[in-house]
Amino acid sequence: MDSLTPELQQLHDKIRKLEAQLADCMAQNAELTQDKQRLKQTLKLTEEKLNATLDGNGLCLWEQDIPSGNLIMYNQEWGALLGYTLEERPAHIDSWKSHLHPDDKDWVIKAFYDHVEGKEDIYRAVHRMIHKDGSVSWVSDRGRIIEYNEDGKPKRIMGTHTDITQEKRYEQELARLAHYDPLTNLLNRNALKSHYQKNFKHPQAKGTLIFIDLDGFKGINDKAGHRIGDLLLIHVANTISQTAKTLLGTGQHAIARIGGDEFVILTTAHQAEILAPFTQTLLQQFNQPTSIEQHKTQIGLSIGVCTFSAPTTFAHAYEQADKAMYQVKQQGKHDVAFVSLL
């Protein structure tokens, strides 16, 4: 037994060494487990911060496998922007293409493949898409190739997809306010002038500028109040618009409110057989009192009509129609006067 003691001691030492190594391994494993948990927690927090940042900016992070066309959305549900579920519309490039607005579809797809084929450094497009309910959503898309196959062909593209519908609606509203009278929704003077310059620049162009001033409006506004006055202006604007639509034919026409109670019509119609019935119909529609919320109001129309041909300027046609209108004012009101620059 004594001869075995060194061997047993050696074995005992090995066991103790193995036990120590095992303890070290277990400690390292526990530390690695803790590190793994910390990394998972850090990754989770990073993902939450990234998603919060993306969502806060309205960004959707996407990736597409180019050979298959399959799409991955990282921080939003696929189709959420357009009101669809994954079951209704698979996450695939064909689904994306099918919901592009018809007026944008061709150029947007071209922009995408111009980048995929190396013709452009980046894919970038601001365009419209059709929502499930038929409404239009505006989006801003950006993307870039991030991986190529061994043969050099593009494999993956990643980018962002941003819903900018509210911003676009705000822009459109600002544009509307810049060009339209907020009370009647008719054009304002600047917009009418732009319409003139756009539609009467051809050397052979002919048209008519009709200036309408309301008779007796100030007294109604002072007596019945501004609210009734505003409602009366809206009524006049609607009456002029509907009559123009009915009697001015198929030619282009634009209607503006350019002052408190002044309206101007620009039309390509310049023939007396069209203009005379139109102005007489307007006068007849205001021969009788108009009822505005139980308020009986009586106004008249003083109308100046100037027919013109290119290169008459907007300012000159406007001035001549204005003078014709004042002739009516001086001669008893509620009538029409014509002047020709043809």
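1. Packing of helix 5 on helix 9. In this predicted model, the axes of helix 5 (residues 189–199) and helix 9 approach within 10 Å and cross at roughly 115°. Helix 5 contributes Arg189, Leu192, Lys193 and Tyr196 to the contact, and these meet Phe314, Ala317 and Tyr318 of helix 9. Sorted by class, the contact of helix 5 with helix 9 holds five nonpolar and two charged residues, with no polar ones.

2. Lys323 forms a salt bridge with Glu319, and the closest N and O atoms are 3.6 Å apart. Because the two residues are four apart in helix 9 (residues 314–330), about one helical turn separates Lys323 from Glu319. Lys323 counts as partly exposed because its relative accessibility is 45%. Glu319, at 38% relative accessibility, likewise counts as partly exposed.

3. Division of the chain. The chain is divided into domain 1 (56–171) and domain 2 (181–340). The C-alpha centres of domain 1 and domain 2 lie 48 Å apart.

4. Five strands, in the order 7-8-6-11-12, make up an open sheet with mixed pairing. Strand 7 (253–257) and strand 12 (335–340) are the edge strands; each has a single partner strand, so one side of each is left without a neighbour in the sheet. From one strand to the next, the twist averages 15°. Within this sheet, strand 6 (residues 206–215) and strand 11 (residues 300–309) run antiparallel and are joined by 10 bridges. Thr208 stands opposite Thr307 of strand 11.

5. The hairpin at strand 7. Strand 7 and strand 8 form a hairpin, with four residues between them. The two strands run antiparallel and are joined by five bridges. Ile255 has Ile265 in strand 8 as its bridge partner. Is strand 7 mostly covered or mostly uncovered? Strand 7 is mostly covered, since four of its five residues are buried.

6. Strand 1 and strand 2 pair in the antiparallel sense over three bridges. Gln64 has Leu71 in strand 2 as its bridge partner.

7. Which residue meets Glu63 in a salt bridge at 2.8 Å, N to O? The partner is Arg156, through its side chain. This pair links distant parts of the chain: Arg156 belongs to strand 5 (residues 154–163) and Glu63 to strand 1 (residues 59–65), 93 residues apart. Arg156 counts as partly exposed because its relative accessibility is 24%. Glu63 has a relative accessibility of 8% and therefore counts as buried, the cut-off for buried being under 20%.

8. Other salt bridges. Glu63 and Arg156 also belong to a network of salt bridges that links them with Glu147 and Lys155. Elsewhere, the side chains of Glu117 and Lys119 meet in a salt bridge at 3.4 Å, N to O. Both Glu117 and Lys119 are exposed. A search of the whole structure finds 15 salt bridges.

Key
Residues are numbered from 1 along each chain as its sequence is written. This is a predicted model: local features need pLDDT of at least 70, side-chain atom pairs count only at pLDDT 80 or more; totals for chains, interfaces and linings use all residues. Side-chain values use heavy atoms; hydrogens and water are left out. A salt bridge is a side-chain nitrogen of Lys or Arg within 4 Å of a carboxyl oxygen of Asp or Glu. Buried means under 20% relative accessible area, exposed over 50%, partly exposed in between (1.4 Å probe, protein chains only). Domain bounds come from an automatic or database domain assignment. Two strands pair if DSSP finds at least two bridges between them. Axes are lines fitted to C-alpha atoms, for helices over the stretch in contact, and angles run from 0 to 180 degrees between N-to-C directions. Contact means heavy atoms within 4.5 Å. Ala, Val, Leu, Ile, Met, Phe, Trp, Tyr, Cys and Pro count as nonpolar, Asp, Glu, Lys and Arg as charged, and the others, Gly among them, as polar.
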